[in-house]
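This report goes through one protein chain, from its overall layout to a few single residues. Keep the structure in view while reading.

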Amino acid sequence: MGNASVHRGRPCVERFRHQWPNAHVVHTPVHASWLNQVEVYFSIVQRKVLTPNDFTDLEQVERRLRDFKRYYGQVAKPFDWKFTRKNLRNVLNRVNAAQPPLKLAA
């Protein structure tokens, strides 16, 4: 789970566990937005399409986004991830060691 303000702290963990008792909340590291594929794509859109912000109207923004989507669908290649399962296991072990288990009232 990302680190958005609605995802932080014990209240989030309790809400999540109440709705899905057999699931466990694991927060991604604060500076690990690259783990979230949607954020990776939006980062590319921000850098390649929306910067500089020189649009004259919303139709121009829409057109540029639509054109980029079509272009990117033709040239995009899978990311060459360097983050391995072992790396993930190490991160999860550190997170688990830092967070005591949640105790819910019966």
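## Order of the elements

Along the sequence, the elements of the protein chain follow the pattern α-α-α-α. The model, which is predicted, has four helices and zero strands.

## Burial, surface and contacts

The protein chain has 106 residues, and 16% of them count as buried. Its accessible surface comes to about 9,000 Å². Carbon and sulfur atoms account for 57% of that surface.

Contacts can also be sorted by how far apart the partners lie in the sequence. Taking the contacts in the protein chain between residues at least 6 apart in sequence, 50% join residues at least 24 apart.

## Helices H2 and H3

Helix H2 covers residues 37-50 and helix H3 covers residues 58-75. The two pack at an angle of about 120°, and their axes are 11 Å apart. Because of this angle, H2 is oblique to H3; angles from 65 to 115 degrees would count as roughly perpendicular, and those over 145 as roughly antiparallel. The crossing of H2 and H3 is right-handed.

Which residues make the contact between H2 and H3? On the H2 side they are Tyr-41, Ile-44, Val-45, Lys-48, Val-49 and Leu-50. On the H3 side they are Val-61, Arg-64, Leu-65, Phe-68, Lys-69 and Tyr-72. Sorted by class, the contact of H2 with H3 has nine nonpolar and three charged residues, with no polar ones.

## Gln-37

Gln-37 is in helix H2. Is this residue buried, exposed or partly exposed? Gln-37 has a relative accessible area of 41%, so it is partly exposed: the value lies between the cut-offs of 20% for buried and 50% for exposed.

Setting aside the neighbours within four places in sequence, Gln-37 is in contact with Phe-79 and Trp-81.

## Val-26

Val-26 sits in the loop between helix H1, residues 9-19, and H2. Its relative accessibility is 33%, and therefore Val-26 counts as partly exposed.

How far apart are Val-26 and Val-13 in sequence and in space? In sequence, 13 residues separate Val-26 from Val-13. In space, the distance from C-alpha to C-alpha is 9.0 Å.

Key:
Residues are numbered from 1 along each chain as its sequence is written. This is a predicted model: local features need pLDDT of at least 70, side-chain atom pairs count only at pLDDT 80 or more; totals for chains, interfaces and linings use all residues. Side-chain values use heavy atoms; hydrogens and water are left out. Buried means under 20% relative accessible area, exposed over 50%, partly exposed in between (1.4 Å probe, protein chains only). Contact means heavy atoms within 4.5 Å. Accessible areas come from the Shrake-Rupley method with a 1.4 Å probe; for residues, only the protein chains shown count as cover. Axes are lines fitted to C-alpha atoms, for helices over the stretch in contact, and angles run from 0 to 180 degrees between N-to-C directions. Angles under 35 degrees count as roughly parallel, over 145 as roughly antiparallel, 65 to 115 as roughly perpendicular and the rest as oblique. A crossing is left-handed if the near helix is turned anticlockwise from the far one by less than a right angle, and right-handed if clockwise. Ala, Val, Leu, Ile, Met, Phe, Trp, Tyr, Cys and Pro count as nonpolar, Asp, Glu, Lys and Arg as charged, and the others, Gly among them, as polar.
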